[in-house]
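Dear colleague,

I am passing on the structure below, together with some notes on its strands and sheets. Please read them with the model open beside you.

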Amino acid sequence: MSGVNRISGAGRLTPARTARFTFDGRTLTALEGDTVASALLAHGIHLVGRSFKYHRPRGILSAGAEEPNALLDVSRDAARRQPNVRATVQEVFDGMKVSSQNRWPSLAFDVGGFNDLLSPFFAAGFYYKTFMWPKAAWHKLYEPFIRRAAGLGVAPTEADPDHYASRYVHCDVLVIGAGVAGLSAALAAAQAGAKVILCDEQSEVGGALHYDSGTVVDGKPGYEWALATGKALAERDNVTLLTRTTAFGYYNHNFVGLVERVTDHLSAPDKALPRERLWQVRAKKVILANGAIERHMVFANNDRPGIMLASAGRTYLNHFGVAVGTKVGIYTAHDSAYEAAFDLRKAGVSVPAIVDSREKPGEAVLNEARRLGIEVLTGHSVVNTTGKLRISSISIARRGGGPARKIAVDALLVSAGWTPSVHLFSQSRGKVKFDAATERFLPGTYAQDCLSIGACNGTDDLQATIDEALAAGELAARAAGAENGSQLAISGENAFAWTGGMIGAAEGAGPDTTVKAFIDFQHDVCAKDIRLAVREGMHSVEHIKRFTTNGMASDQGKLSNMHGLAIAAEALGKGIPEVGLTTFRQPYTPVTFGAIVNHSRGSLFDPARKTPMHAWEEARGAEFEDVGNWKRAWFYPKSGESMHEAVARECKTVREVAGVFDASTLGKIEVVGPDAAKFLNLMYTNAWDNLKPGRCRYGIMLRDDGFVYDDGVVGRLAEDRFHVTTTTGGAPRVMHHMEDYLQTEFPHLKVWLTSTTEQWAVIAVQGPKAREIIAPLVEGIDLSNEAFPHMSVAEGRICGVPTRLFRMSFTGELGFEVNVPADYGQAVWEAIWARAEPMGACAYGTETMHVLRAEKGYIIVGQDTDGTLTPDDAGLSWAVSKKKPDFVGIRGLKRPDLVKDGRKQLVGLLTKDPKVVLEEGAQIVANPNEPKPMTMLGHVTSSYWSSNCGRSIALAVVAGGRERLGQTLYIPMADRTIAVEVSDMVFFDKEGGRLHG
Amino acid sequence: MLLIYCPYCEEERSELEFRNAGDAHIARPTNIAEISDEEFEAYFFLRDNPKGVIFERWRHIHGCGRFFNAARDTVSDRFVTTYKAGEPKPDLDAEPKTSAQVETYEALEGAAQ
């Protein structure tokens, strides 16, 4: 049985199709198509949660996405558990487990309910006052307490096993909302020939027709017309109909984010299906048909389970076939709630009274109520309610006083009228305007290419809505380039025209009262809290919002914003438009992290760049380090070796025999053209005119401010062709920097730049035996010192494939860098390795490369420099041309600050105790006994154990460093102070003879 | 996400394809080595940061790779117009080169009749 409150013959679900689920361990039967809310209500369950602050019992308030109360924990299995799911949105599937939240030990008996008694101590803004003192209590007491109490649900602990999909799509017309207005607009746009996307957050089209009972469209009952129209639209080639799809964000230039829930309603989803699909839509025209959201009435104890919106009561009855009670009272300030009474009465449910705060309800509904024999109390208010876990009675009184009368009820449907849903319009940066006659904010000034139609545009009459929608659909289609006319006419008729509506506190919850009349259910904000905020000096709506947290819960104030605003305006003695509305932000409803992160997780989070020799390195047991996106071989430990031992061995081997190193990640830029040398003259500090083809030079690149930006070796292959290398991490920005100057400052130069970083595999062979290793493999290049000295480049062949062979060194040893087309990288590497290994050479990684270059005092831009060092600071003034009339940075270098004495300069540091290895980043002082704050002279930039020197070595920037050679300085650490001596930067082979092998 | 009209590709493309490159119409002095400290400061460091229209350089870095200039409203983020590097500052009262024009429902309703 699908629930005692299911009325046979009522609703649109099929009784034969059932699904079983559990709620707090109790097994229940639902019908296919039920939401969790409708299924629970069918079994008479209203109490589904406890409120956030006071832990008051709470029920299901709405039947849609605006639900603030019924937030549940829904799981499929241990890993697929999601907290804070709105019961009014989640469809039931067979086998689902549902649990209530924010209660202990049970939903019916919750210890936290004690907070309700203590509520005088939890007034609005109590966070800002209560936890101010004593200061020390914050970390140990208050923060842990608040963190435990904060948040309703509990996050899952297991990784999300589902996958999520993403699509980009363009369309002519995007229609958001598939109620009468959206369907009509989509139909007109499609008929006109436009490519249309129509989306709706519900499982079926129809919008407000879900709760409706008396509307006729084109001669059919409204909901039937909607389904038929949806079907017809879905069958068209030029229409994409997306249900269970929320348009959550409206961004610049008609870029709209949709999230489609693909499997959350299925019992056994196909594993190939994504759980959700993110649609990123760029629409030429957007039509907003978002409808309106019903407001609740603000009165004392208006939050008991069993109190719900009138339209929700109608939805549960007319769509799901569920009566929300057996004696259902109505409290309203708007005609629409009367129709709930009519529907209930016709279904055989007792309606003791319609309490209407207005003196004059609409004639039509009043007459119908009389015809059905329902008691209508106009000019009356509900001033209180009773019932611990569910409403049991209401107290009503004549407006302006008089004795209260108690009426027994087990449910109360409320309506204060309808708030047009201008959320997406506001997100599009459109400005809303206040319509004083109907007391609502409507779309005013448009900022983007969109149109609002129907209820969200303040259009109330059904025929007017349809006409507006058809016109908008056709207009949008034509503006987007569609050529046909739609020639559509659709007739629509409501059972009753509606009047009325109120915002703010109702009778009995006014300025002179202290009752708990809730406006924001999820954050437990009452009418009196808004007034307190005003009394405390919050006069801006933005301040009132933050002080009270009104509208800051996960429902973002869909029900509460207008009430809060009206109460604030009254307390401030200002008009509503003067107080103003807070801006609506994306997302409209909560979006899962899964949908946003989408494919970008795990190995797809950030692409890994691998060199052509990566597989060989992996097979040899290399450890890798990340350099930018690159995976670089870090060191090659032999079995049982620590990193320290491996690096010490590699360092020794390179200097004693030779080593092979993968340098493929170095940035490479081919600079070609008749003005190539002129261009490099401008980009680097060095002179390039006098560099002969076949020779290389180390170059330094500055920014115009005079600071070192990058460095690298440049080889000249021909008069008009240079092979430029950059640092691994700097390659993209150096290319960008060069392009910038070439295109915008020096466009007269005939030069073409091409990034060739990934075209070349680079194998560095370094060490005394380097020549012997490669010589037999090389054809067409004389490798002798005389023909091919240090800093040479030549084109030839190696292992039968083309090579650009460089004689250069980043180790201080005789060295070659073999460039071969990337596809041949691993084969050539293996051929070189086959010769190198028997000679006792090793493969070495980036750590050894770092140590070897530091032994020689070669800097690494970005490690030893930090964007505030000039070439002179780095000891590289020899590389700055004194003769060139211009280069980027020439003027910056002359700035007063860059030429003054005492600048930080790169020097070497030798610890007095040679076994001590300094920490990179450690600060340097002259006097270790100086009281704090000490005068800091600089810091350590590079520091290693050097097995070749048999001691530690370090590079550092030190104020006036080169004048301090031989001085003793100190490095204060947490546990000790280390004495160091300032030295030059070359620690090994000071004469440099080894380079020339 | 913005659409930016690349004056070289002659197409509106997604913001993801572009990179901002600072203020436009600041020419590097041809005699830069000789200019005074004050002139260098004005050229390299000083910028206006206006509220409203700003002239900027942008690069279609994941497209044609060209640098171009744009007038952008710093309040709304809207691109007023874009034009090729080297062209003079455009007359901003002229027709915008993007397809984005603000339309009100009332205006369109008028057009329908």
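Which residue in S5(B) is the bridge partner of B:Arg57? In this predicted model, that partner is B:Asn69, and the pair belongs to a set of seven bridges that join strand S4 (residues 53-59) of chain B to strand S5 (residues 67-73) of chain B, the two running antiparallel.

These strands sit within an open sheet of four strands in chain B, ordered S3-S4-S5-S6 and with antiparallel pairing. Its edges are formed by strand S3 (19-23) and strand S6 (79-84) of chain B, each of which pairs on one side only, and neighbouring strands of this sheet are turned against each other by 35 degrees on average, direction ignored.

Chain A holds an open sheet of five strands with parallel pairing, in the order S17-S24-S18-S19-S20. Because strand S17 (307-309) and strand S20 (376-378) of chain A each have a single partner strand, one side of each is left without a neighbour in the sheet; the twist from one strand to the next averages 20 degrees. The partner of S17(A) is strand S24 (residues 411-415) of chain A, joined to it in parallel by three bridges, and A:Met308 has A:Leu413 as its bridge partner there. Helix H8 (residues 336-346) of chain A lies across strand S18 (328-332), strand S19 (354-356) and S24 of chain A, and runs at about 165 degrees to S18(A).

Finally, S32(A) and S33(A) form a hairpin with two residues between them, where A:Gly628 in the turn has a positive phi of about 60 degrees; five bridges join these antiparallel strands, with A:Trp630 as the partner of A:Val627.

Best regards

Key: Residues are numbered from 1 along each chain as its sequence is written. Chains are lettered from A and ligands numbered from 1 in the order in which they are written. This is a predicted model: local features need pLDDT of at least 70, side-chain atom pairs count only at pLDDT 80 or more; totals for chains, interfaces and linings use all residues. Two strands pair if DSSP finds at least two bridges between them. Axes are lines fitted to C-alpha atoms, for helices over the stretch in contact, and angles run from 0 to 180 degrees between N-to-C directions. Two residues are in contact if their C-beta atoms, placed from the backbone, lie within 7 Å.
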